[in-house]
Amino acid sequence: MLTHLFKLIWNKKKQNFLLIMEMLVSFLVMFAVFTLIVYYYQNYTRPRGFEFEKVWAVNYQSPQGMSDKDSIAAFNQSLKQLIKSMPQVENVSFAASNIPFSMSTHNTNVSHEKISEMAHIYAVDDEHKDVLNFNLRSGRWFSRADQGSRETAAVINADLAQKFFGNGQPIGKTIDFEGKKLKVTGVIDDIKDKGDYQGPDNNLFIRIDTSNQAWIGAILVKVKPTADAAFESRLFKSLSNVIRNSSIEIEHLADKRVTKNNLTLVPMIILLVVAGFLIINVALGLFGVLWYNISKRKGEIGLRRAVGASGGSVSKQLVTEALILSTLSLIIGLFFAVQFPLMNVFDLAADTYYIAIACAVAFIYLLVIICSLYPGRQAASIYPAVALHEE
Amino acid sequence: MIRLQNIEKVYRTETVETLALNSISLDVPKGEFLSIMGPSGCGKSTLLNIMGLLDAPSKGGIQIDAQATGNLSDKQLAQFRNQKIGFIFQSYHLINDLKVLDNVELPLLYRSSTAKERKQLATEVLEKVGLSNRVKHFPTQLSGGQKQRVAIARAIVGRPEIILADEPTGNLDSAMGNEIMEILINLNRQEGTTIVMVTHDEQMARKTHRLVRLFDGSQVQ
């Protein structure tokens, strides 16, 4: 029967061409949608690598007129002591403005021997690890002991360590960054500081010392569970008194995370709605074509019933025909889709593409089965004498 | 071979009730070539459809080969048609998207036969109806007579005991019609196939063993 249906489809290739194209385009759209969904889902399920709850971010600018590095360092140190002295504060970290979930980024190429990678650069102090509770895989976070050493201390994430050093030991090795040598003191787990749906990045943490105090743009304050709005107000007032002529803003990382996630989710939802409309159109088109086929093929259906086909086998034939057509379009679609993992397009993991391909294939088959079942059942219910008479 | 008992067929719409067949009782013995005649709309084709289990009577019973068909399921009826009955239609009912050979193989697709067996049987019957040189043609490339011969080949490929022909020569000129009639007569004589033929043509009807006339849904002869 399958060979018979192939012959029938092949002999009607001109009529079937547009239907095959429609299913092909649907597959490619669904492949794109599922790739995004799978990519975001895989990222979402990855561990975050740090804690953001009860961490507040204070954005500020250094006081105007203070250009001397030592003065800035001394000012920041006294500021840190002030905040730390507050009873609701657990810990304080100074950092450049590209703190977790912020819109700021600082990335550049870093290299080790002949390997060069684009990495996010974070200028942070010694307390940063404890404020965000990074998990150290090996080595140690930089500390006061690293001050004055010939090579600036740096901590990298596991992904970057793997790229630079493979399975070798990264601790004590050097990385080239903007013409300087950085010494790796520690490796932390990968972090998702750009939002829950963002993929793994290369992260390089550089210790803030007297020379790069000017980079500081934010203070991360880890507060105790008792910290409330009243404390936030007190903190704001205290900082305003110390940092004069500067705009100060206190944000909660939890809120920043929501905002950052929305930046990914909103376009995704818009894309899903657009794709949803497209799929509804395709489904209606498919349904219409199959329905039209039945009215056009009533004579053939009647004849098949006359020569021995039961209602069930007529219905099965129509659904199988639709599935064969979708298989043909999927074969063409798969040819294009597999190029993405093979050619490493968009630098996504191959398994993201393969899962998306499987989902898109299953979706198209499901769509075709749903759209062909009802017309198939309608065809099965036609009385043979009626179908033959209407031809 | 075929026994119709008090067959009645009523077509109902919301406002109208039409009696298409009125208390028809008919016995068609095995090996008979029976023709049914009557004016247009008298119920000839309806009777043939009921005999061929393509339509259900409103009242009455049908026995084919001593088997009552009233309680058979859709699947059983389909199997019955496939095994016992071959159909020939005035408008041929060939599938234009299939080649002649594939059209003839059609009834065998609903049996458990291999592709090789199907091809062999279809080739044999096409040879029988003189179309062995048109195997790879599409129906649209054939004349009316050739199309009807393909339809006959399709009807007999499954070696049915009964052939029901609904005006098989109706769309053909007299020469072609005679050719088709010859094939049917030979089938009846040589294979002993029971044939029931609906026709408008008195001359064709006279070539058969028995003639039944219908008028306004009732048997008048």
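A residue is called buried here if 20 or more other C-beta atoms lie within 10 Å of its own, exposed if 12 or fewer, and partly exposed in between, with C-beta atoms placed from the backbone. By this rule, buried residues make up 48% of the 221 residues in chain B.

The model is predicted: local features need pLDDT of at least 70, side-chain atom pairs count only at pLDDT 80 or more, and totals for chains, interfaces and linings use all residues. Residues are numbered from 1 along each chain as its sequence is written, while chains are lettered from A and ligands numbered from 1 in the order in which they are written.

**Stop 1: chain B as a whole**

Select chain B. Its C-alpha atoms fill a box of roughly 50 × 40 × 35 Å, taken along the principal axes. The radius of gyration is taken over C-alpha atoms, and the globule rule is 2.2 Å times the number of residues to the power 0.38. For 221 residues a compact globule would have a radius near 17 Å, and chain B, at 17 Å, agrees with this. Colour the chain by secondary structure to find seven helices and 10 strands; helices (H or I, at least four residues) and strands (E, at least two) are DSSP runs, numbered from the N terminus. Two residues are in contact if their C-beta atoms, placed from the backbone, lie within 7 Å. Of the contacts in chain B with a separation of 6 or more, 70% are between residues 24 or more positions apart.

**Stop 2: helix α1 of chain B**

Select residues 44-51 of chain B. Eight of the eight residues of this helix, α1, are buried, so it is largely enclosed by the rest of the structure. They are B:K44, B:S45, B:T46, B:L47, B:L48, B:N49, B:I50 and B:M51. Just after the helix, B:L53 takes a positive phi of about 60°.

**Stop 3: helix α3 of chain B and its partners**

Select residues 100-109 and 144-156 of chain B, which are α3 and α5; these helices pack at an angle of about 35°, with their axes 7 Å apart. Axes are lines fitted to C-alpha atoms, for helices over the stretch in contact, and angles run from 0 to 180 degrees between N-to-C directions. The crossing of α3(B) and α5(B) is right-handed; a crossing is left-handed if the near helix is turned anticlockwise from the far one by less than a right angle, and right-handed if clockwise. From α3(B), the residues B:V100, B:N103, B:V104, B:L106 and B:P107 meet B:V150, B:A153 and B:R154 of α5(B). This contact comprises six nonpolar residues, one polar and one charged, where Ala, Val, Leu, Ile, Met, Phe, Trp, Tyr, Cys and Pro count as nonpolar, Asp, Glu, Lys and Arg as charged, and the others, Gly among them, as polar.

The axes of α3(B) and α4(B) come within 9 Å and cross at roughly 115°, in a right-handed crossing. On α3(B), the contact uses B:V100, B:L101, B:V104, B:E105 and B:L108, and on α4(B) it uses B:R118, B:K119, B:L121, B:A122, B:V125 and B:L126. By class, there are eight nonpolar, no polar and three charged residues.

**Stop 4: where chain B touches chain A**

Show both chains. Here 22 residues of chain B are in contact with 24 residues of chain A. On the chain B side, α2 (74-84), β6 (85-89) and α3 each supply at least two residues, and α2(B) has the largest share, six residues. By class, this side has 11 nonpolar, five polar and six charged residues.

**Stop 5**

Select chain A, which has 12 helices and 11 strands. Its C-alpha atoms fill a box of roughly 100 × 50 × 30 Å along the principal axes. A compact globule of 391 residues would have a radius of gyration near 21 Å, but chain A has 31 Å. Of its 391 residues, 37% count as buried.

Colour domain 1 (2-46 + 260-390) and domain 2 (61-247) separately; these bounds come from an automatic or database domain assignment. Their C-alpha centres lie 51 Å apart. Eight residues of domain 1 are in contact with eight residues of domain 2. On the domain 1 side, α2(A) gives the most, with four residues.

**Stop 6: helix α8 of chain A**

Select residues 298-307 of chain A. Nine of the 10 residues of this helix, α8, are buried, so it is largely enclosed by the rest of the structure. Among them are A:E300, A:R304 and A:R305. Just after α8(A), A:G308 takes a positive phi of about 130°.
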